[in-house]
Amino acid sequence: MEKTTHFGYKQVDVEKKQGLVKGVFDSVAGKYDLMNDVMSMGTHRLWKNYTIASSNVKEGDHVLDIAGGTGDLAIKFRKKVGPSGKVILSDINDSMLHEGRKNLINHGVIDVEFVQANAESLPFEDNTFDCVSIAFGLRNVTHKDAALKQMHRVLKKGGTLLILEFSKVENQMLEKAYDFYSFNLIPKFGEYFANDEDSYQYLAESIRKHPDQETLKTMVHDAGFEFCEYHNLTGGIVALHKAVKT
Amino acid sequence: MFRLTIEKALNHIINVNNIDIAPIDNKVISLGVDDIDLSLFFLCLNSRIFVIDNGQNKKTDVEIRMNKASFLSLFKGIPLEDLIEKEDIEINGSIKTAQNLADLLASSSIDIEELVSQYTGDIVAHQVGRSLNQIKNISLSNDGSIIDNLKEELTTILIAPSRAKIFKGRAS
């Protein structure tokens with residue numbers, strides 16, 4: 001087992017990463033939605049809508065949204081599954097869960113369960129969910145392979161895995177512009193809107209350290225999933241990986 | 001978008017009409033349309049159908065090959081046996097399973113001609129939205145508010161990967 005891992009561009013002890021990530025999200029939780037809108041110029045809503053449209057979720061389904069944060073996906077899943085379905089929003093970070101609970105109440109959604117859980121050891125029975133989603137959360141997980149295996153375990157046969165995550169930009173010109181934007185402007189936005197430049201520097205760095213589309217696809221296969229495919233959105237700034245447990 | 005539209009339409013039909021897809025449960029059906037280089041895999045699991053671009057060398061239970069005209073005919077409800085009789089379609093595997101899928105495709109109410117024309121690049125970009133009219137009407141009557149459904153469809157149109165450009169030169 002490796003003793004160090006990356007935290008953005010820094011190498012840190014494996015056991016320290018979780019605490020460092022917690023520090024980032026404790027710091028940004030209150031401004032998380034605002035910053036998402038600012039940084040992506042609202043596009044994150046379109047990415048999430050596309051994720052929901054691809055989910056194949058239907059009425060009565062049980063859905064687990066891992067690293068659900070402020071609950072954007074959970075709200076949409078709740079509408080999809082109807083009164084006979086069930087949605088669980090899980091996050092390792094209590095500050096994010098607190099923001100999620102507030103956000104859902106503000107949207108009039110009260111029938112979503114909240115569970116504080118580590119994606120690497122999910123506290124659910126085998127074969128429980130029809131869909132497991134994780135949006136912009138996997139890159140913060142220390143042992144991604146362990147988390148993917150857990151997602152496979154808790155999904156039912158025929159269940160769908162959805163991973164929405166920053167990825168590798170396809171076009172070189174767009175990549176240059178995106179790099180400039182990420183490393184020069186996003187930390188400044190963080191400083192201006194959330195009074196936290198470092199956390200948004202980490203965001204930009206963690207995106208570059210995250211596996212690219214093909215690597216993640218292989219990891220998903222290795223975790224036991226089949227029929228894994230990915231869809232690049234906005235030129236590969238973000239990719240949606242979808243796979244099925246067979 | 002092509003694959004997603006078909007997947008959504010099929011699952012909607014299954015849910016609304018409470019169609020029992022047990023006869024094709026756990027089956028992988030490959031459907032290839034030679035003259036437009038289209039290959040789709042239909043996977044039936046957990047009371048729903050997944051439409052996948054790439055079978056990734058999976059063993060298929062049924063392999064169906066046809067030309068574009070037969071593909072369009074399938075969605076228009078032309079009986080499978082008529083197409084087999086005319087030798088417009090080639091099936092390797094269970095005919096019954098192929099028939100089950102053909103029946104589902106025929107009942108899906110997709111404007112398949114327009115969808116295929118998008119895939120092959122026969123139409124200009126501003127016409128893209130029209131092909132979703134059918135599926136949009138279906139979804140509007142089913143789940144969520146009008147605004148939510150429109151947002152969902154617009155998202156698909158705006159950011160979903162499109163193959164139209166790739167196949168522009170192949171328009172027939």
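The mean pLDDT of chain A is 90, and 100% of its residues reach 70 or more. Among the elements of this chain, the lowest mean pLDDT, 76, belongs to α1(A), and the highest, 98, to strand β3 (residues 62-66). Where pLDDT is low, predicted coordinates should not be read in detail.

Two helix pairs of chain A were examined. Packed helices are described by the angle between their axes and by the distance between those axes. In the pair formed by helix α3 (residues 43-53) and helix α4 (residues 72-81) of chain A, the angle is about 35° and the axes are 10 Å apart. The crossing of α3(A) past α4(A) is right-handed. On the α3(A) side the contact is made by A:Lys48, A:Thr51 and A:Ile52, which meet A:Asp72, A:Leu73, A:Lys76 and A:Lys80 of α4(A). By class, this contact of α3(A) with α4(A) comprises four charged, two nonpolar and one polar residue.

The second pair consists of helix α2 (residues 32-40) of chain A and α7(A), which pack at an angle of about 145° with their axes 10 Å apart. Here too a right-handed crossing is found, as α2(A) passes α7(A). From α2(A), the residues A:Leu34, A:Met35, A:Val38 and A:Met39 meet A:Ile186, A:Phe189, A:Gly190, A:Phe193 and A:Ala194 of α7(A). The contact of α2(A) with α7(A) contains eight nonpolar residues, one polar residue and no charged residue.

Helix α8 of chain A covers residues 197-209, a total of 13 residues. From first C-alpha to last, α8(A) reaches 19 Å, close to the 18 Å expected at 1.5 Å a residue. Buried positions in α8(A) are A:Ser199, A:Tyr200, A:Tyr202, A:Leu203, A:Ala204 and A:Ile207.

The buried residues of α1(B) are B:Phe2, B:Arg3, B:Thr5, B:Ile6, B:Glu7, B:Lys8, B:Ala9, B:Leu10, B:Asn11 and B:Ile14. After α1(B) comes B:Asn18, with a positive phi near 50°.

Conventions. Residues numbered from 1 in each chain as written. Chains lettered and ligands numbered in written order. Predicted model: local features only at pLDDT ≥ 70, side-chain atom pairs only at ≥ 80, totals over all residues. Axes fitted to C-alpha atoms, helices over the stretch in contact; angles between N-to-C directions. Helix = DSSP H or I, 4+ residues; strand = E, 2+ residues; numbered from the N terminus. Left-handed = near helix turned anticlockwise from the far one by under 90°. Contact = placed C-beta atoms within 7 Å. Nonpolar A, V, L, I, M, F, W, Y, C, P; charged D, E, K, R; others polar. Expected span 1.5 Å × (residues − 1). Buried ≥ 20, exposed ≤ 12 C-beta atoms within 10 Å, placed from the backbone. pLDDT = per-residue confidence, 0-100.
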